[in-house]
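Okay, everyone, thanks for coming. Let me put the structure up, and then I'll walk you through the cores, the chain contacts and the domains.

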Amino acid sequence: MTGEAKHINAMPTKAFFVDMLVRDIPTERAILDLVDNCIDGAKRLRPGSDENFDGLWVKIHLDGDRFEISDNCGGFDTETAMNYAFRFGRPADAKSTDYSIGQFGVGMKRALFKFGRYFEVHSTTSYEKWAMKVDVDEWEHGTDWQFEFAELIEDKAFTADECGTRIMVNKLRPEIANKFSSEYFRRSLAETIRAHQRQFLSSGLAIEFNGQHLTHTDLRVLSGGSYSPVVEEITFDRETEAPVLVRIIAGISESKPADAGWYIVCNGRVILSADRSEATGWNSVSEQKDGIPKFHNQYARFRGIVFFDCSSSQKLPWNTTKTGLDEASAIWQSVFPKMLDHTRTIIKFLNRLDEEFEEYGKNSPTLSTLAKEASALDVEKIRGARPFAWNMNPKAPGPKLTKIQYSREVAKIRTLMEALGVNSAKAVGETTFDMILSEQGEDE
Amino acid sequence: MTASYELIDYSLRPAKFAERKMLCDFFSRLRVFGSLESYRYVGFGSIWFSDCILFHRALGISDIISIECEIDHQKRFEFNNPLRGIKLIMGEASDVLPTLDWDIRSIIWLDYDDPLNLGILEDVRTVASRARSGTAFVVSVQSEKIFDKRDQENPVHVQSKDEFADYFGANRTPEALAQSDLRGWTLSKTSRQMLRSEINEGLNLANAARPAGQRIEFRQTVAFEYKDGAKMTTVGGVFVDQGQNAHFDGAGLRDLEFFRDDEEALRIHMPLVTPHEMRHLDRQLPAPVSSGLNADPIPLKEANRYAKFYRYLPNFASFER
């Protein structure tokens with residue numbers, strides 16, 4: 001120590017860094033991040049706004065022992081690997097993908113360290129092929145803040161078929177192994193991926209999850225005849241190089257409570273799915289205000305979608321991890337009241353429908369003209385501003401019906417069920433009604 | 001509507017009777033985990049208490065709990081309680097199960113009259129996430145048709161994957177679920193798969209906090225399907241922690257002819273034979289595997305069914321000469 005200046009050590013330990021890095025990210029998110037990286041690769045490979053990902057694939061495998069994700073989406077080069085992908089923190093001069101949905105550096109590292117204590121990354125681009133293998137325990141014990149290449153082939157041409165990335169993690173952390181071995185976790189993860197990446201799936205990207213091909217879920221609204229969803233299109237920052245295009249669609253679809261609500265889509269990624277919370281304006285009824293009620297099953301036909309698209313992805317109203325909504329975003333604040341207007345319009349229509357249904361039952365005139373005139377249309381295909389429209393003078397398909405409700409002793413109803421040979425109380429009611437009516441000579 | 005005990009005399013359902021006897025054989029082998037006298041039995045005894053009585057007489061279990069949800073008829077249940085050792089607890093299984101003492105090694109048979117529904121799955125999960133090693137768990141459900149009764153007035157007969165996912169949730173829905181999995185005997189298989197998945201899920205959650213070596217697995221032991229009236233199916237097994245796997249393997253459960261640890265169930269067929277024919281066949285039983293029965297003039301199919309189940313058949317055939 002003599003002669004040398006004494007100093008206070010502020011060097012973080014690697015274990016601390018790893019711990020900090022993985023702490024606050026949910027497992028599902030970490031996997032979605034990795035899928036996003038693949039999709040960003042696909043976007044680099046097939047640039048432009050008209051996405052066609054035919055022939056590109058992502059394969060995910062996970063179980064209690066191992067996680068693996070591979071794609072044929074172009075790979076990433078050693079330059080990116082050496083200087084960006086594995087740096088802790090994002091260098092100021094980092095490259096970005098147009099219309100990107102991922103957050104390249106952070107997402108991958110976090111996922112790798114979060115899942116397990118050993119990982120491999122293999123990537124092949126059109127001119128390079130490389131691999132790295134990291135045993136995290138060994139790496140934490142060393143002093144160097146760097147990883148070594150396990151394989152490196154430069155300046156050689158590779159065919160498009162060979163290009164892609166493969167990431168494998170094993171020696172899974174116990175809590176991760178436990179999760180990955182749950183069938184329910186795997187199924188709900190497959191559903192989440194399917195819901196969030198639906199637009200890319202519908203653009204032809206193939207995603208395989210534990211050997212199962214994920215099909216895209218349809219997001220459709222009814223349109224046709226005198227029926228039309230409302231469409232509003234707005235452009236922000238029109239004069240700049242990266243304008244933000246916003247398209248709001250609100251309308252009706254089949255009655256499915258689980259699918260009803262707002263969908264918020266940023267650069268193709270669904271960040272909110274079937275949302276019925278305050279975030280998208282539901283349950284905002286308050287005093288002196290004509291708000292929107294809490295979601296109720298009579299609104300199970302409601303579908304609303306907002307598409308935000310911008311080549312510069314930080315302009316979109318998502319949080320820094322691009323996984324959720326940033327309600328403070330200026331663009332969101334400007335779009336939100338427009339969404340409320342359209343929600344109100346649709347809700348008014350659905351309330352009307354509900355009243356009509358009470359009165360007519362299955363013979364509701366609006367429902368039957370809806371079924372006759374309109375068909376389900378993929379929301380991606382609906383463009384061009386238009387107001388909400390419906391058939392205001394629908395014809396009833398049959399006579400008006402009304403419901404009769406009454407209670408009788410269970411044992412007596414059972415006696416009649418047996419006597420009439422029917423197996424529900426409802427059927428007892430209907431059959432006895434018809435019998436009396438016929439007895440009176442009034443049925444036709 | 002009407003409680004099922006008012007419609008069916010449980011003791012007279014022959015396939016159910018055989019199932020009960022086979023389960024009794026299964027439970028008798030649990031003594032590798034601890035004396036049967038120290039076990040507790042938890043079941044739905046109804047007003048017949050057939051299960052409670054059998055397991056008391058055959059296994060010597062005297063700590064017995066019968067859960068009964070027909071609160072309005074409590075007096076009648078109490079009146080019919082045949083043993084001092086049976087504690088009748090009135091209430092829904094979902095309310096009673098979490099309050100039981102799960103440190104006691106138990107035999108639990110949730111014998112529902114209903115087809116699979118969300119409430120049953122919740123009960124199954126409650127048991128799976130609490131049971132200790134050595135506890136046996138059996139679940140029976142009706143498997144004729146599944147109904148989504150969330151809207152009481154308009155129950156939906158669940159016939160498609162969409163309806164299934166809508167009712168049970170996406171994470172409970174197998175990716176490859178086909179319409180054929182929701183009808184006929186295949187629905188029995190689907191029901192058992194669902195029950196097993198739910199057990200595994202409950203275990204998975206509980207195991208997250210258990211140290212390696214003490215994680216509990218469900219070792220399936222039995223699977224039955226039968227049709228006394230409506231189709232019914234049963235799946236059962238033992239919760240075993242990793243340290244006690246050798247106990248399970250050494251219990252001789254695999255020697256039971258009705259042992260089933262995979263997707264296929266033993267289908268219980270009641271043989272149609274007269275008392276005289278039974279005595280004729282009895283003299284040839286147990287038959288060595290290789291040699292066929294001398295059945296004539298009894299149809300061979302019936303004779304073989306008899307040979308398969310004769311040890312478990314009910315003895316309440318009428319005694320005509």
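So, the largest nonpolar core: 73 residues. This is a predicted model, by the way, so keep that in mind as we go. Which residues have the most contacts inside that core? They're Tyr41(B), Ile107(B), Ile108(B), Val124(B) and Ala136(B). If you're wondering which element gives the most to this core, go to helix H1 of chain B, residues 14–28, which puts in seven residues. And the core takes in parts of two domains of chain B: at least three residues come from domain 1, that's 10–144 + 184–268, and at least three from domain 2, 275–312.

Let's zoom in on Ile107(B). Leaving out anything up to four places away in sequence, Ile107(B) touches Phe27(B), Tyr39(B), Tyr41(B), Phe55(B) and Ala136(B).

Next, where the chains meet. We have 14 residues of chain B in contact with 13 of chain A. On the chain B side, the largest share is five residues from helix H7, residues 184–207. What classes make up that side? Three nonpolar, seven polar and four charged residues.

Okay, that's me done.

How values were computed: Residues numbered from 1 in each chain as written. Chains lettered and ligands numbered in written order. Predicted model: local features only at pLDDT ≥ 70, side-chain atom pairs only at ≥ 80, totals over all residues. Contact = placed C-beta atoms within 7 Å. Helix = DSSP H or I, 4+ residues; strand = E, 2+ residues; numbered from the N terminus. Nonpolar A, V, L, I, M, F, W, Y, C, P; charged D, E, K, R; others polar. Core = buried A, V, L, I, M, F, W, Y, C linked by C-beta atoms within 7 Å. Buried ≥ 20, exposed ≤ 12 C-beta atoms within 10 Å, placed from the backbone. Domains from an automatic or database assignment.
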